[in-house]
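Biologist: Please put the model on screen, and then we can go through it by question and answer.

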Amino acid sequence: MAEALISRLLSRGTYTAGEIAVGEPTAARRQFLLETYGVTTCDRNLEALAGADTILVAVKPQIFTHITADLAAIAAARPLVLSIMAGVPLTTLEAAVPQCPVVRAMPNTPATVGAGMTAIAPGQHVTADHMQQAEAIFAAVGAVVTVPEPLMDAVTGLSGSGPGYVAVMIEALIDGGVAVGLPRATAQTLAIQTVLGTATLLQTTDLHPAVLKDRVTSPGGTTIAGIAQLEAAGVRSALIEAVKAACQRSQQLGAS
Ligand SMILES: NC(=O)c1ccc[n+]([C@@H]2O[C@H](COP(=O)([O-])OP(=O)(O)OC[C@H]3O[C@@H](n4cnc5c(N)ncnc54)[C@H](OP(=O)(O)O)[C@@H]3O)[C@@H](O)[C@H]2O)c1
């Protein structure tokens, strides 16, 4: 995830390679980042953090406790701290860097190809300028929305886990295509492009999904026959329940 951000922040010119330092424990990975992006790499996080005005915490949540001492050591400089760690609340982050502006972010996997959806939530010391800066950084890997932190579990249930739901949906469409005689590779192309095209159409035209559905269902036609089956199988309700279940699971994980 951090590499996706570095790559796109550089290609968009948000930062130059000379402005980015990465703390990375693995030598081969440091070498790769240096050769590929020309960024400064450090085996000790403290070296990367020293003098930084903006810090992105992109380690796994379970590694966070290993880096809190390094973060505490530079907190007096009051850098803007951005965290993409799933499930780590602002209170925990702010305790690690007292008085620092902290923004908690929840990106999703399509961010790795620049088509992500990131929700950002401001901590107590964050100003409008900080939020603008955070938004500009995450805009490098897709769309950005601001939410109050209590809605982060809901974000996780929808856009965080959503790529999984859509992948299952696409896989099922492919199987459906195979069931009616299409070669699997052709069915895959048709399914992926149909989902991508429909999402692009809705996004570009701002059309309500129900209006699009009405437009593509001619009386007695093929699409309404298919939709009747979706309704009979409770697909609409299954998706609603999926978002609710993932949100609840995120709440449970956050509380444990
Ligand atoms: N992937 C997603 O779709 C997604 C979505 C939302 C949120 N997130 C969050 O984003 C964060 C990163 O996820 P990811 O998928 O990018 O995981 P990842 O590929 O495992 O990235 C974690 C990075 O942290 C490095 N690291 C490990 N220990 C470190 C230490 N002590 N100091 C500094 N760096 C250290 C790892 O280096 P090595 O590889 O060399 O060990 C690796 O480059 C996680 O907190 C996750 O919850 C990810």
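**A buried glutamate and its surroundings**

Modeller: Glu-94 lies in helix H5, residues 90-96; helices (H or I, at least four residues) and strands (E, at least two) are DSSP runs, numbered from the N terminus. This is a predicted model: local features need pLDDT of at least 70, side-chain atom pairs count only at pLDDT 80 or more, and totals for chains, interfaces and linings use all residues. Residues are numbered from 1 along each chain as its sequence is written, and side-chain values use heavy atoms, with hydrogens and water left out.

Biologist: Which side chain of opposite charge is nearest to Glu-94?

Modeller: Glu-94 is buried, where buried means under 20% relative accessible area, exposed over 50% and partly exposed in between (1.4 Å probe, protein chains only). Lys and Arg count as positive and Asp and Glu as negative, while His and the chain ends are not counted.

Biologist: Which backbone nitrogen lies 2.7 Å from a polar atom of the Glu-94 side chain?

Modeller: Contact here means heavy atoms within 4.5 Å. Leaving aside neighbours within four places in sequence, Glu-94 is in contact with Val-102, Gly-123, Gln-124 and His-125. The backbone nitrogen at 2.7 Å from the side chain of Glu-94 is that of Gln-124.

Biologist: Is Cys-100 buried or exposed?

Modeller: Cys-100 sits in the loop between H5 and strand E5 (102-106). Beyond neighbours within four places in sequence, Cys-100 is in contact with Ala-75, Arg-78, Pro-79, Val-81 and His-125. Because its relative accessibility is 0%, Cys-100 counts as buried.

Biologist: How far apart in space are Cys-100 and Gln-124?

Modeller: In sequence, Cys-100 and Gln-124 are 24 residues apart. From C-alpha to C-alpha, the distance between Cys-100 and Gln-124 is 8.8 Å.

Biologist: Which residue forms a salt bridge with Glu-3?

Modeller: The whole structure has seven salt bridges. One of them links distant parts of the chain, from Glu-3 in helix H1 to a residue of helix H2, 26 residues apart. Glu-3 counts as partly exposed because its relative accessibility is 22%. With the closest N and O atoms 2.8 Å apart, the partner of Glu-3 is Arg-29.

Biologist: Which residues of helix H1 are buried?

Modeller: Helix H1 covers residues 2-11. Its buried residues are covered by elements including strand E1 (21-23), helix H2 (27-37), strand E3 (54-57) and helix H6 (128-138). The buried residues of H1 are Ala-4, Leu-5, Ile-6 and Leu-9.

Biologist: Which element gives the most to the lining of the largest pocket?

Modeller: A pocket is an open set of points on a 1 Å grid over the protein atoms alone, where a 1.4 Å probe fits, with protein on both sides within 12 Å along at least five of seven lines; lining residues have an atom within 4 Å of a point. The largest pocket has a volume of about 2700 Å³. Of the 48 residues that line the largest pocket, the closest to its centre are Val-166, Met-169, Val-195, Thr-198 and Ala-199. With 12 residues, the element that gives the most to this lining is H9.

How values were computed. Salt bridge = Lys/Arg side-chain N within 4 Å of Asp/Glu carboxyl O. Polar contact = N/O pair within 3.5 Å; in protein donor to acceptor, adjacent residues only side chain to side chain. Points joined across faces, edges and corners; volume = space filled by probe spheres on them.
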